[in-house]
Amino acid sequence: VQLQASGGGLVQAGGSLRLSCAASGRTFGSYGWFRQAPGKERDFVAAISWGGSGTYYADSVKGRFTISRDNAKNTVYLQMNSLKPEDTAVYYCAARSGYRLKSGDYEYDYWGQGTQVTVSS
């Protein structure tokens with residue numbers, strides 16, 4: 001089982017990036033994106049259920065970020081618009097067997113390697 005995150009990079013404030021998380025080995029009930037800025041704890045960003053239509057966002061990204069999935073490709077995306085310098089962090093995708101949407105990182109069983117997002121002012 002492997003989660004491969006990609007799509008990070010350097011972007012100016014107000015710009016956009018799309019992160020991808022390709023899962024191999026199996027499908028999961030739900031997926032999440034988390035981020036960790038230097039010197040800070042890992043924070044929840046968004047979650048999506050694989051079989052249904054449920055999504056869940058942190059207040060800090062609501063209205064700017066969109067989580068989606070492509071079942072055929074077994075891939076989850078995080079479209080990030082109107083990026084701010086405070087969005088700068090390493091972004092991680094995660095997966096869990098359960099279908100309920102969870103914001104606690106301890107709820108997730110599998111993690112990708114992280115991709116760096118840097119937003120310049």
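Trainee: Leaving aside neighbours within four places in sequence, which residues is S30 in contact with?

Mentor: Contact means that heavy atoms lie within 4.5 Å. Once the neighbours within four places in sequence are set aside, S30 is in contact with I48, S49, W50, A94, A95, R96, G98, Y99, R100 and L101. Before we go on, please note that this is a predicted model, in which local features need pLDDT of at least 70 and side-chain atom pairs count only at pLDDT 80 or more, while totals for chains, interfaces and linings use all residues. Residues are numbered from 1 along each chain as its sequence is written, and side-chain values use heavy atoms, with hydrogens and water left out.

Trainee: In which strand is the place of S30, and is S30 buried or exposed?

Mentor: Strands are DSSP runs of E with at least two residues, just as helices are runs of H or I with at least four, and both are numbered from the N terminus. S30 belongs to strand 4, which covers residues 30-36. As for burial, buried means under 20% relative accessible area, exposed means over 50%, and partly exposed lies in between, with a 1.4 Å probe and protein chains only. S30 has a relative accessible area of 0%, so this residue counts as buried. Although S30 and L101 are 71 residues apart in sequence, their C-alpha atoms are 6.6 Å apart in space.

Trainee: Which backbone oxygen does the side chain of S30 reach?

Mentor: A polar contact is a pair of N or O atoms within 3.5 Å; within protein, one must be able to donate a hydrogen and the other to accept it, and residues adjacent in sequence count only if both atoms are side-chain atoms. Here the side chain of S30 reaches the backbone oxygen of R100 at 3.5 Å.

Trainee: How many bridges join strand 2 to strand 11?

Mentor: Strands of a sheet pair through backbone hydrogen bonds, either parallel or antiparallel. Two strands are said to pair if DSSP finds at least two bridges between them. Strand 2 (residues 9-12) runs parallel to strand 11 and is joined to it by four bridges, with Q12 standing opposite S120. Strand 9 (residues 89-96) pairs with strand 11 in the antiparallel sense over three bridges, and here Y91 stands opposite T115.

Trainee: What order do the strands have in the open sheet of four strands?

Mentor: The order is 1-3-8-7, with antiparallel pairing. Strand 1 (2-6) and strand 7 (65-70) stand at the edges, and each has a single partner strand, so one side of each is left without a neighbour in the sheet. Five bridges join strand 1 to strand 3 (residues 17-24), where A5 has C21 as its bridge partner. Strand 3 is also joined to strand 8 (residues 75-80) by six bridges, and C21 stands opposite V76 there.

Trainee: How many aromatic pairs does the count come to?

Mentor: A pair of aromatic rings is described by the distance of the centres and the angle of the planes. Rings of Phe, Tyr and Trp (its six-membered ring) pair if their centres lie within 6.5 Å; planes under 30 degrees apart count as stacked, over 60 as edge-to-face and the rest as tilted. By this rule there are eight aromatic pairs. One of them is the edge-to-face pair of F28 and Y31, at 5.7 Å centre to centre with 90 degrees between the planes. F28 is buried at a relative accessible area of 2%, and Y31 is buried at 1%. The rings of F44 and Y56 have their centres 5.1 Å apart and their planes at 35 degrees, so this pair is tilted.

Trainee: Which residues do ring pairs link into a cluster?

Mentor: The cluster consists of F34, F44, Y56, Y108 and W111. A charge sits over a ring if NZ of Lys or CZ of Arg is within 6 Å of the ring centre and within 35 degrees of the ring normal. The charged end of R42 sits over the ring of W111, 3.8 Å from its centre, and also over the ring of Y92, 5.7 Å from its centre.
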